[in-house]
Amino acid sequence: MTPDEYVEAVLDLVERIPPGRVMSYGAVADALAERSGRASARLVGSIMARYGGAVPWHRVVNSAGRLPPGHEVEARTRLRAEACPLRASGVDMAAAAWSPEQGYDP
């Protein structure tokens, strides 16, 4: 998979995250690792920072549920509107984490 194809794969996966659910940067990387040969949460974070504006970027958080740096207020507002389980520090990962194996077709 080329770097451009990996960017598209990340964005496609983020588009599939259902409203009210989230994935961590690492979970996105892990979900694509087998077919991409890459497994870097940092790379996913960089892709989201650079290209994520056109996808539901607020549904990608760190592994502890902390919201995207610099965009915490907007992300919390969007997640609250989707009825995502939240905590004071961010997302309740035990309740809100999603994986592609769970399926979702909007």
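Analyst: Let us begin with the largest pocket. It is lined by Tyr-25, Gly-45, Met-48, Ala-49, Gly-52, Gly-53, Trp-57, Val-60, Pro-68, Pro-69 and His-71. Please keep in mind throughout that this is a predicted model.

User: How is such a pocket found, and what volume does the largest pocket have?

Analyst: Rolling a probe the size of a water molecule over the atoms shows where empty space is left. In this structure, the volume of the largest pocket comes to about 220 Å³.

User: Which helix gives the most to the lining of the largest pocket?

Analyst: That is helix α3, residues 41–51, which supplies three residues to the lining.

User: How do the residues of the lining divide into nonpolar, polar and charged?

Analyst: Seven of the lining residues are nonpolar and four are polar, while none is charged.

User: Let us turn to salt bridges. How many does a search of the whole structure find?

Analyst: The search finds three salt bridges. One of them joins the side chains of Arg-59 and Glu-82, with N and O 2.7 Å apart. This pair links distant parts of the chain, for Arg-59 sits in the loop between α3 and β2 (60–61) and Glu-82 in the loop between α4 and β3, 23 residues apart.

User: Is Arg-59 buried or exposed?

Analyst: A residue is called buried when its relative accessible area is under 20%. Arg-59 has a value of 10%, and therefore it is buried.

User: Which residue forms a salt bridge with Glu-74?

Analyst: The partner of Glu-74 is Arg-78, and their closest N and O atoms are 2.7 Å apart. Both residues belong to helix α4 and are four residues apart, about one turn of the helix.

User: Which residue forms a salt bridge with Asp-92?

Analyst: Asp-92 pairs with Arg-87, the closest N and O atoms being 3.3 Å apart. Asp-92 is located in the loop between β4 (90–91) and α5 (93–96). With a relative accessibility of 16%, Asp-92 counts as buried, whereas Arg-87, at 48%, counts as partly exposed.

User: What else surrounds Asp-92?

Analyst: Setting aside neighbours within four places in sequence, Asp-92 is in contact with Pro-85, Leu-86 and Arg-87.

User: Is Ala-94 buried or exposed?

Analyst: The word exposed applies to values over 50%. Ala-94 has a relative accessible area of 79%, so it is exposed. Ala-94 is part of helix α5. Between the C-alpha atoms of Ala-94 and Gly-65 the distance is 9.4 Å, while the two are 29 residues apart in sequence.

User: Where is Asn-62 placed, and what does it touch?

Analyst: Asn-62 is in the loop between β2 and α4. Not counting residues up to four places away in sequence, Asn-62 touches Ser-24, Tyr-25 and Met-93. A polar atom of the Asn-62 side chain lies 2.9 Å from the backbone nitrogen of Ala-64.

User: Finally, how does one read a backbone angle, and what is phi of Ala-83?

Analyst: For Ala-83, phi is near 65°, a positive value in a residue other than glycine. Ala-83 lies in the loop between α4 (72–81) and β3 (86–87). Because its relative accessibility is 65%, Ala-83 counts as exposed.

Key: Residues are numbered from 1 along each chain as its sequence is written. This is a predicted model: local features need pLDDT of at least 70, side-chain atom pairs count only at pLDDT 80 or more; totals for chains, interfaces and linings use all residues. Side-chain values use heavy atoms; hydrogens and water are left out. Helices (H or I, at least four residues) and strands (E, at least two) are DSSP runs, numbered from the N terminus. Buried means under 20% relative accessible area, exposed over 50%, partly exposed in between (1.4 Å probe, protein chains only). Contact means heavy atoms within 4.5 Å. On a 1 Å grid over the protein atoms alone, a cavity is a set of points where a 1.4 Å probe fits but cannot get out, and a pocket is an open set with protein on both sides within 12 Å along at least five of seven lines; lining residues have an atom within 4 Å of a point. Grid points are joined across faces, edges and corners, and a volume is the space filled by probe spheres set on the points. Ala, Val, Leu, Ile, Met, Phe, Trp, Tyr, Cys and Pro count as nonpolar, Asp, Glu, Lys and Arg as charged, and the others, Gly among them, as polar. A salt bridge is a side-chain nitrogen of Lys or Arg within 4 Å of a carboxyl oxygen of Asp or Glu. A polar contact is a pair of N or O atoms within 3.5 Å; within protein, one must be able to donate a hydrogen and the other to accept it, and residues adjacent in sequence count only if both atoms are side-chain atoms.
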